[in-house]
Amino acid sequence: MIEPSLVYKALAYSSNIALMAAGITMIYMSTETFNFAHASKVSWGMYFVYTFYNFFGGHPYIYVPVAAILTGLIGVAMYLTFNRYLLKRGAGMITLMMSTLGADLILLALLNILADYLSRVHKLYSRQIRMEIYDFTVAGIPFSTLIALIIVVTLTASIHLFLTKTKFGIAMRATIENPNLAGILGINPELVYLTSWFIGGALAGLGGALLVFIMAGYPVIGQYLIVTMFAGSIVGGLYSIYGSLLGGFLVGLSEYLGIWWLSTLFGGKMLAYRQVIPLVAMVVALLFFPQGLGGIKWGKVAKVVRGERS
Amino acid sequence: MIELGQLYILIRYILIDFAISMIVTLSLNFELGIAAIAQFGRVLAVEIGAYVAGGLTGRILAYTIPELRQYSGAEYSNHLINFKLVDTINRTLLEHNALLSIGILILTLALAAIIGGIVGWLTSYPAIRLKEAYLGITLLAFGDVVMLIAQNYDPIVGATQGVSVPDPFRWARPYSFEAALIIALILAGLTFIFFEMLVRSPFGRALKAMRDDEVAAKVYGKDIVKLRTYALIIGSAFAAMAGAYYTMYIGSCKAFTYTRLTWTFWPWAFMMLGGTGNNVGIAVGVLIFVIVRTIIINYKTYLEPFVPFDPIWLEPMFVGVVIILLSVFRPQGLIPEKPAFTIKKRRIRSIIEIMRKQAS
């Protein structure tokens, strides 16, 4: 029988993956950039919480929004320093992807320098951060699970409201659909790109900051998680935020619970192959249903389920 | 002041790193710069080559020795047995037999090329269906899956413990490093010549036509699927050879050495620096990067007391900054691609002269 604590952890993990996948989709939708630097941003989100907690005290949860804003600003910095010029030049997808890889290497190096600094100067055990003990339970449910689920649900609702009810949200959709036409109508596409880089970065940092309460963190954790994030985003169809939230959640859940199920069948050795699940999900999605979950016409599905023929 | 002996050791390391990185980067350049395939899974072919050298050659050699035959199966990669096995092979077979050693080296490279080619052929399944970044991410996933399996499944190359590799340079002791270096340089030179000739051949020109305009190439009757498949097979075969050679030179094969960072992203950076599509540029790019890398790794201890971190992290930072600067300011690289002439310029001019005379 599956333990409840495992289910809670799986739910929290997959919600956080959903947030990160939504960040990747956000940036890809607006600027066609596959953002490799998402990996290091997630690790930075973790280390922001850890560093601030060790320097300023208090409860680590209060630093989660701070971490999200700071990683969002990293995203803005990336847009302003190079992505902007590349987009103006009309650089290809590969160049855009490579440039974010360069940014990822820089962020990774800086994070390792921070970790070295913390351990050498402040004598902190910063190569492997463990903060699970600061998690608490509300009505028997771990707060990490509760908050992650709440954020995913509110995010889905608020993105829907933002994109359909506010002026800026509509301008954003228009820019994503056709930047030139939106420009003629007086919409500033740069502001739209800037916003999506901020939101994308903030989602990565938020996911990372919340992840610190359910698993151990180390500087290269983002490089391991990025496969799952990309898988979630691709399974979600790459052109739909809702799709990426759902895709990230499903991929995270199947990774966490799938490997548990396999390990009960074939023994603990299976745990090492954990990353194979999202990789396979991603390759299968790309090769056989590239439209992803976002491409499914849910209205049609509902009709078929109800027994009506379209 | 650095002493002469130290400098010699440094140059040795730079040159052998240069030779091996050069083969990998040339194969990457062939696939991306000439055939426009978004090869983000270069590590896949490299690690396949490494596993051939680490897992297959040793087994074949163990099988030829009657006393060791029983260990040539799955037990070969058990780390408690493996180092004794490889030591026995090295002492009894390879140490005094230069000819056999060279033969083993060539056999391993050939096997790596064949199996690498097969892997390249397998990766053509997504490569003819997906475009640009989608293909890149799929290939990246393939590379990671193979590494994960090799890292955790003992019978391939001993998982995290790794295996020792039969040493084909032992006969040249105490100059085995020099032997490895010279052979590596010869291989890199041959690879360079091969790719230069290939780019100028009808096949290479067809690939360039496909890269520049797929529809136009199709109009002239070029089979895009075939061209892409062949490009992948050739590129992967060479990358696998480089992986096998690297493994034999360092003498051990550990699965986690072959990460996407060192064997996919760094060759990409080398290629971007030198100039995508230009083999001469690749050589320059690789040389610059390898020199900087070796200097950072070798002299980090001098910097260590002055900074509160490990100076090794300056290396990824340097690579990252170079990648960003290049993609913004000089996307064509240091030495941009030039039109490659199939015959010498002088000969073209003389043909033009003759035609003019005939016309007048």
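Visitor: Helices (H or I, at least four residues) and strands (E, at least two) are DSSP runs here, numbered from the N terminus. In what order do the elements of chain A run?

Guide: From the N terminus on, they go α-α-α-α-β-β-α-α-α-α-α-α-α-α. That makes twelve helices and two strands in chain A. This is a predicted model, where local features need pLDDT of at least 70 and side-chain atom pairs count only at pLDDT 80 or more, while totals for chains, interfaces and linings use all residues. Residues are numbered from 1 along each chain as its sequence is written, with chains lettered from A and ligands numbered from 1 in the order in which they are written.

Visitor: What's the pLDDT like in chain A?

Guide: Chain A averages 86, and 97% of its residues score at least 70; pLDDT is the predictor's confidence in each residue, from 0 to 100.

Visitor: Switching to H4(A), what does its end-to-end span come to?

Guide: The end C-alpha atoms of helix H4 (residues 93-121) of chain A are 42 Å apart, which agrees with the 42 Å that its 29 residues should span. The expected span is 1.5 Å times one less than the number of residues. Just after H4(A), A:Lys123 takes a positive phi of about 55°.

Visitor: And how many residues does each chain put into the contact?

Guide: Chain B gives 32 residues and chain A gives 35; two residues are in contact if their C-beta atoms, placed from the backbone, lie within 7 Å.

Visitor: Which element gives the most on the chain B side?

Guide: H5(B), with eleven residues. The elements giving two or more residues to that side are helices H5 (132-152), H11 (260-274) and H13 (314-329) of chain B.

Visitor: Last one: what is B:Met241 in contact with, leaving aside its neighbours within four places in sequence?

Guide: B:Ile23, B:Gly49, B:Leu109, B:Ala112, B:Ala113 and B:Gly116.
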